Amino acid sequence: MIVILKQNPNRDQLESLIAWLQEKGVTIHTSIGEANTILGLVGDTSKLDIDLIAALDIVEDVKRVQEPYKNANRKFHPEDTVIQVRDTRIGGGTLTLMAGPCSVESEDQVVAIAKAVKAAGATMLRGGAFKPRTSPYAFQGLGATGLEYLKVARQETGLPIVTELMDITQLPLFKDVDVIQIGARNMQNFDLLKAVGHQDKPVMIKRGMSATYEEWLMSAEYVMASGNENVILCERGIRTFESYTRNTLDIAAIPVLRTLTHLPIIIDPSHATGKYWLVEPMSRAAVAAGADGLQIEVHNDPAHALCDGPQSLKPEIFAPLAQKLLKLHEAVRALD
C-alpha cells in the first residue's frame, strides 16, 4: 500500500499517522519527491482501513500495490535511485562504464587493463576473482589472490572494483570490494541475497538466464528487505532457442524496468552475445534505449585469455568505443 501525502503536510499529523501505522505492525518507507511525499507501507496491510486513511487532512490518495515487490517498486519510490560508489555515480542521468577482464589472471594483467580502460573513459573496474564455470575443469579464478590483485589495480588507478561473490563463506574476503556482484546462476540463491542485504555496500544482481522481470525484481526485493537499498540490476542476456549468440540480449528490459522500478539498469553486452564484434552494436542499442551503464569485458590478449576470450575487447578497441558511447549518451540525453 502507498499513501500519497499532500504538499507540505502538517508535521504533527504526519508523525501521528506514522506512529499509528507502526503500531499496526507496518514498516514504512518514506520517499520525498518534487511534488509529493509518499509513504510506502510494507507488511500485512489487509486490515488497514483505506477510507479512514484517505480521509485524513494530510492525505492526497491511498492505493494498494498489487505487485509482490514493494521496496523495488517505482510506485513506492517514484524518483530514480542514484548510487554513489567512491567518485562514481550510477544512475541519475550518467553513463557508467564498467570494464575489465572476465577473470583476473595476474597482477600485471589486471593493473595494465585497469590503466587502459580508465584512460579510455571507464569509471569502474570489473574483474572476476571467483569464477562460476559450467565445466568443473575450466579455470575457476584466482580466488582471494585475485581480489588482492584487484585492490592493487584500484590503488594504481582509483577505479572502484566490482566483482562476483559466489558463496556466503566468501563474504569476509569482500570487505574492501566496492560493489558485490551476484551472478546469473545465484540470482535466486535467497540465503546469499539476504546475506548481502546486510552489507553496507552496493549489490549488482545479474538476471538469471531464464528469469522473468518479476522474478528478477523479487531477487532485488530480498536484498532490499534485508536492509540494503543500494541495488543495481544487470541484464546479461537470457536463454532462448537461438544458438548463434551465447545468449539473447533483452533490450526491452531497459524501458520495462524503467517503468517498474527505480533501480539503476546496467547492460552486459559481452556475456549477452559471446562475440566481441557484437559488443559495439549492442552497447549502442543499450545506450539509445536508456541504460544507466554498461559492463564490458576488456582483455589485453583475448586469444590467450583463461576465460571468455572470444567476447573480450582489446583495450585499443574499447577506447574508441567508450568515446562513441559517451557521445551517444549525451545526444540521447539532449533528446529527452
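Strands E10 (residues 179–182) and E11 run parallel and are joined by three bridges; two strands count as paired if DSSP finds at least two bridges between them. Helices (H or I, at least four residues) and strands (E, at least two) are DSSP runs, numbered from the N terminus. The model is predicted, so local features need pLDDT of at least 70 and side-chain atom pairs count only at pLDDT 80 or more, while totals for chains, interfaces and linings use all residues. Residues are numbered from 1 along each chain as its sequence is written, and side-chain values use heavy atoms, with hydrogens and water left out.

- Helix H5 (residues 190–197) carries the chain from E10 to E11 in a right-handed β-α-β crossover; right-handed here means that, with the strands pointing away from the viewer, the path from the first strand over the helix to the second runs clockwise.
- E11 is also joined to strand E12 (residues 231–235), by four bridges, and these two strands run parallel.
- Met-204 has Ile-232 as its bridge partner in E12.
- The β-α-β crossover from E11 to E12 passes through helix H6 (residues 213–225) and is right-handed.
- Lys-206 has Cys-234 as its bridge partner in E12.
- E12 in turn runs parallel to strand E13 (residues 265–267), with three bridges between them.
- Cys-234 is paired in E13 with Ile-266.
- From E12 the chain reaches E13 through helix H7 (residues 253–260), and this β-α-β crossover is right-handed.

**Burial of the strands**

- Strand E11 (residues 203–206) is covered on both faces, with Val-203 and Ile-205 buried on one side and Met-204 and Lys-206 buried on the other. Buried means under 20% relative accessible area, exposed means over 50%, and partly exposed lies in between (1.4 Å probe, protein chains only).
- E12 is mostly covered, as five of its five residues are buried.
- On one side of E12 the buried residues are Val-231, Leu-233 and Glu-235, and on the other they are Ile-232 and Cys-234.

**Cysteines**

- A search of the whole structure finds zero disulfides, a disulfide being a pair of cysteine sulfur atoms within 2.5 Å.
- Cys-234 is in no disulfide, and its nearest cysteine sulfur, that of Cys-102, is 12 Å away.
- Cys-234 counts as buried because its relative accessibility is 0%.
- The sulfur of Cys-307 has its closest cysteine sulfur in Cys-102, at 3.2 Å, which is too far for a bond.
- Cys-307 is buried, with a relative accessible area of 4%.

- Ile-113 lies in helix H3 (residues 107–120) and is buried, with a relative accessible area of 1%.
- Between Ile-113 and Gly-290 there are 177 residues of sequence separation and 27 Å in space, C-alpha to C-alpha.
- Ile-317 lies in helix H10 (residues 315–335) and counts as partly exposed, because its relative accessibility is 37%.

**Surface patch**

- Ile-317 belongs to a nonpolar surface patch with Tyr-244, Tyr-276 and Trp-277, and together they have about 460 Å² of accessible area.
- Patches are made of residues with over 30% relative accessible area and no salt bridge, joining like charges within 9 Å and nonpolar side chains (Val, Leu, Ile, Met, Phe, Trp, Tyr) within 5 Å.
- A salt bridge is a side-chain nitrogen of Lys or Arg within 4 Å of a carboxyl oxygen of Asp or Glu.
- Accessible areas come from the Shrake-Rupley method with a 1.4 Å probe, and for residues only the protein chains shown count as cover.
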